[in-house]
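Reader: I've got the model open and I'd like to learn how to read a few of its features. Where shall we begin?

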Amino acid sequence: MRAYTLLPLLAAALLGSACSARDLPPLPRMDAVDVPRFMGDWYVIAHIPTRPEREAFDAVESYALRSDGRIQTTFTYRKGSFQAPKRTMNPIGRVEKEGNGAVWGMQFVWPIQAEYIISWLSPDYSQTIVARSKRDHVWYMARTPQVSEADYQAAVERIKALGYDVSKLRKVPQSKR
């Protein structure tokens, strides 16, 4: 299956989870994010994945600020093993005005935008947690493909404190680089 055929599946997964009627407290977010500094490569260390990401290996989310202010996103991964061919998705991000850089809309298929909230970001912009208010999907990412066990456990605790069921968290296999 080609990557572009996965886009409708991802949109359906995000929309289906948006129909949840749970009453949840507001999701914490960073007070401010320096969007240009946030650009670049982020290795997905762990996640509660969307459907296409369930068997991801070597998952990397890359962001580039476009001249129109939107964010060109390139998500690359291998499905099921390190030897599988790379797959790519290219959603477009939009920084929402009210979020001070921490709230984005991520568009995989027009006109559907998925919520994307930068809930935690290390002061040196080396690690981040991106979450959703529905607590259905979450991504712990770093600028490097590996993090220390202490950093990983601290991220798991942060994700749990956000209201996620961390038993659903999947550690993404990353090649040693």
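Author: Let's start with a charge and a ring: the charged end of arginine 158 sits over the ring of tryptophan 120, 3.9 Å from the ring centre. A charge sits over a ring if NZ of Lys or CZ of Arg is within 6 Å of the ring centre and within 35 degrees of the ring normal. Lysine 171 does likewise with tyrosine 152, its charged end being 4.2 Å from the centre of that ring.

Reader: What should I keep in mind about the source of these values?

Author: This is a predicted model, so local features need pLDDT of at least 70 and side-chain atom pairs count only at pLDDT 80 or more, while totals for chains, interfaces and linings use all residues. Residues are numbered from 1 along each chain as its sequence is written, and side-chain values use heavy atoms, with hydrogens and water left out.

Reader: How do I read the strand pairing, and which way do strand 1 and strand 2 run?

Author: Helices (H or I, at least four residues) and strands (E, at least two) are DSSP runs, numbered from the N terminus. Two strands pair if DSSP finds at least two bridges between them. Here strand 1 (residues 40–48) and strand 2 run antiparallel, joined by four bridges. Look for glycine 40 opposite tyrosine 63, and tryptophan 42 opposite glutamate 61.

Reader: What else does strand 1 pair with?

Author: Five bridges join strand 1 to strand 9, again antiparallel; there, valine 44 has methionine 141 as its bridge partner. Strand 10 (residues 170–171) is also antiparallel to strand 1, with two bridges. Alanine 46 is partnered there by lysine 171, the lysine whose charged end sits over tyrosine 152.

Reader: And how many bridges join strand 2 to strand 3?

Author: Eight, and the two strands run antiparallel; strand 3 covers residues 71–79. The hairpin they make has five residues between the strands, and glycine 69 takes a positive phi near 90° in it.

Reader: Are strand 1 and strand 2 mostly buried or exposed?

Author: Buried means under 20% relative accessible area, exposed over 50%, partly exposed in between (1.4 Å probe, protein chains only). In strand 1, seven of the nine residues are buried. Strand 2 (residues 56–65) has eight of its ten buried.

Reader: Now the aromatics. How many aromatic pairs are there?

Author: Rings of Phe, Tyr and Trp (its six-membered ring) pair if their centres lie within 6.5 Å; planes under 30 degrees apart count as stacked, over 60 as edge-to-face and the rest as tilted. The count comes to ten pairs. Take tyrosine 63 and tryptophan 104: their ring centres are 5.3 Å apart and their planes at 85°, so this pair is edge-to-face. Tyrosine 63 belongs to strand 2 and tryptophan 104 to strand 6 (residues 103–109), so the pair ties together parts 41 residues apart in sequence.

Reader: Which kind of pair do tryptophan 104 and tyrosine 116 form?

Author: A stacked one, 5.0 Å centre to centre with 10° between the planes. Tyrosine 116 is in strand 7 (residues 112–121), twelve residues from tryptophan 104. Tryptophan 104 counts as buried at 1% relative accessibility, and tyrosine 116 is buried too, at 6%. Ring pairs link Phe38, Trp42, Tyr63, Trp104, Tyr116 and Trp139 into a cluster.

Reader: One more loop, please. Where is threonine 144?

Author: Threonine 144 is in the loop between strand 9 (138–142) and helix 3 (149–161). At 40% relative accessibility, this threonine counts as partly exposed. Contact means heavy atoms within 4.5 Å. Neighbours within four places in sequence aside, threonine 144 is in contact with Tyr43 and Ile45. A polar atom of the threonine 144 side chain also lies 2.8 Å from the backbone oxygen of glutamine 146.

Methods. Polar contact = N/O pair within 3.5 Å; in protein donor to acceptor, adjacent residues only side chain to side chain.
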